[in-house]
Each structure stands twice: as structure tokens, then as C-alpha cells.
Amino acid sequence: KERTLAMVKPDALSRLGDILETIHAANLIVIKAKMTTLTLSQASDFYMEHQSKPFFSNLVQFMSSGPVVAMELMGDEAIGAWRRLLGPTDSAMARQEAQASVRARFGTDGTQNAGHGSDSVASAAREVEFFFPSTAGH
Ligand code: ATP
């Protein structure tokens with residue numbers, strides 16, 4: 001079984017129930033969950049890899065504009081499975097696809113796109129630790 005970090009972004013918080021239903025239907029389980037409002041500084045840390053991008057400022061403003069729900073998901077190929085459920089980064093592109101993804105259903109545009117999913121085992125480990133820090137060592 002694989003683990004990943006899923007986040008419901010501020011624009012889709014009111015659709016949390018629908019998103020949980022999608023997660024459940026895909027045989028992924030929620031093993032940790034937290035609702036929190038990120039500070040600008042926390043949002044900047046989370047998206048550190050994008051700090052030189054032109055959309056960075058909009059992104060971190062948006063991500064700290066209201067509560068998010070972070071979840072650690074577990075399941076077979078959880079990383080890829082959750083990213084497939086999310087769909088393309090740009091919500092408008094997502095709506096062009098035949099399959100109705102989370103971003104197609106609940107996203108707004110290229111930045112306000114309903115959800116986040118880790119893109120690798122390494123980023124999943126970092127992002128799970130970001131939201132659910134382990135106190136002790138191994
Ligand atoms: P995420 O990492 O949030 O699951 P992703 O991996 O599909 O999405 P990234 O390229 O990692 O997309 O970008 C992180 C986030 O930055 C996106 O989810 C989106 O909110 C925002 N973003 C990415 N590309 C653009 C863009 N071209 N214009 C505006 N915002 C963008």
C-alpha cells in the first residue's frame with residue numbers, strides 16, 4: 001500500500017463531502033485528516049518548489065485565503081490514483097475531458113483548482129510530514 005498527501009483547497013472546502021465520497025469510491029482510505037488555515041508563510045513553505053514561478057504570489061495568497069483540509073490517504077498506488085481523480089491542473093482543461101474529475105467538478109481555474117496531490121513518493125513523505133509532523137524519530 002502507498003500513502004499520499006491530499007489537500008482540499010479553499011475553493012472546494014464546501015464540497016468536502018463530495019470529495020470524500022470520491023475518495024471512498026476509489027478504495028482509498030483516509031488515515032489522517034486536519035482542517036487548518038495556512039498562513040502566507042506556511043503556504044510559501046508548502047509550495048517552495050514554485051517560488052520562482054509567475055503564479056507563486058497568487059498561489060500562496062489563494063492557499064491562505066481560507067481553511068484547507070489535508071488528508072493522508074492510503075491505498076494501492078495511492079499517489080497516482082489520487083492525482084488521476086484530481087484531473088488536469090487547470091480546471092478549465094479538466095472540464096474538456098470526458099471523465100469528470102474533482103477539478104472538473106469543483107475547480108475554478110488554473111490556480112483555484114480544488115485539490116492537491118503529492119506527485120512522488122518523496123513529495124508524499126515531505127508533505128505528510130508538513131501537515132502531520134512525527135514527534136519522535138524512528
Ligand atoms: P498540485 O501540486 O496542487 O496537485 P499540480 O501538481 O497539478 O497541482 P503544480 O505544477 O505542482 O500542479 O502547481 C502547483 C499549483 O500551482 C497548482 O495546483 C495550481 O494551483 C498552481 N498553478 C500551477 N500552474 C499554474 C499556472 N500556470 N497558472 C496559475 N497557477 C498555477
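The model is a predicted one, where local features need pLDDT of at least 70, side-chain atom pairs count only at pLDDT 80 or more, and totals for chains, interfaces and linings use all residues. Residue numbers start from 1 along each chain as its sequence is written.

To stay with α3 for a moment, its buried residues are L59, V60 and M63. They span an arc of only 90° around the axis, so they sit on the same side of α3; the arc is that of the directions from the helix axis to the C-beta atoms. The face turned away from that buried side carries the exposed residues S57 and Q61. Burial here is a matter of counting: a residue is buried if 20 or more other C-beta atoms lie within 10 Å of its own, exposed if 12 or fewer, and partly exposed in between, with C-beta atoms placed from the backbone. T39 is found in the loop between β2 and α2 and counts as exposed because it has 12 C-beta neighbours inside 10 Å.

Now for the overall layout. The chain holds seven helices and four strands, and from the N terminus on they run β-α-β-α-α-β-α-α-α-β-α. The radius of gyration is 14 Å, close to the 14 Å that the globule rule gives for 138 residues, so the chain is as compact as a globular protein of that length. That radius is taken over C-alpha atoms, and the rule is 2.2 Å times the number of residues to the power 0.38. Along the principal axes, the C-alpha atoms fill a box of roughly 45 × 35 × 25 Å. Of the 138 residues, 36% count as buried. Among contacts between residues at least 6 apart in sequence, 68% join residues at least 24 apart, a contact being two residues whose C-beta atoms, placed from the backbone, lie within 7 Å.

Next, the core. In the largest nonpolar core, which has 30 residues, L5, M7, A70, L73 and W82 touch the most other members. At least two residues of this core come from each of β1, α1, α2 (40–46), α3 (56–63), β3, α4, α6 and α7. Such a core is a set of buried Ala, Val, Leu, Ile, Met, Phe, Trp, Tyr and Cys residues joined through C-beta atoms within 7 Å. Leaving out residues up to four places away in sequence, L73 touches R3, T4, A6, I23, L28, I29, V30, A78 and W82.

Helix α4 (residues 78–86) has A78, I79, W82, R83, L85 and L86 as its buried residues. Seen down the axis, these fall within an arc of 155°, so they line one face of α4. They pack against β1 (2–8), α1 (16–25), β3 (68–75), α6 (102–106), β4 (115–117) and α7 (121–131). In α7, the buried residues are A124, E127, V128 and F131. Their arc is only 105° around the axis, which puts them on the same side of α7. They pack against β1, β2, β3 and α4, while A122 and E129 are exposed on the face turned away from the buried side.

A few backbone details stand out. Most residues other than glycine have a negative phi. N27, however, has a positive phi near 65°; N27 lies in the loop between α1 and β2 (29–36) and is exposed, with 10 other C-beta atoms within 10 Å. Phi of E77 is likewise positive, near 45°. E77 belongs to the loop between β3 and α4 and is partly exposed, with 13 other C-beta atoms within 10 Å. Just after α4, G87 takes a positive phi of about 90°.

Finally, the ligand. Around the ligand are H50, F55, L59, T89, G110, T111, N113, H116, G117 and D119, where near means a C-beta atom, placed from the backbone, within 6 Å. The shell divides into two nonpolar, seven polar and one charged.

Definitions and conventions. Ala, Val, Leu, Ile, Met, Phe, Trp, Tyr, Cys and Pro count as nonpolar, Asp, Glu, Lys and Arg as charged, and the others, Gly among them, as polar.
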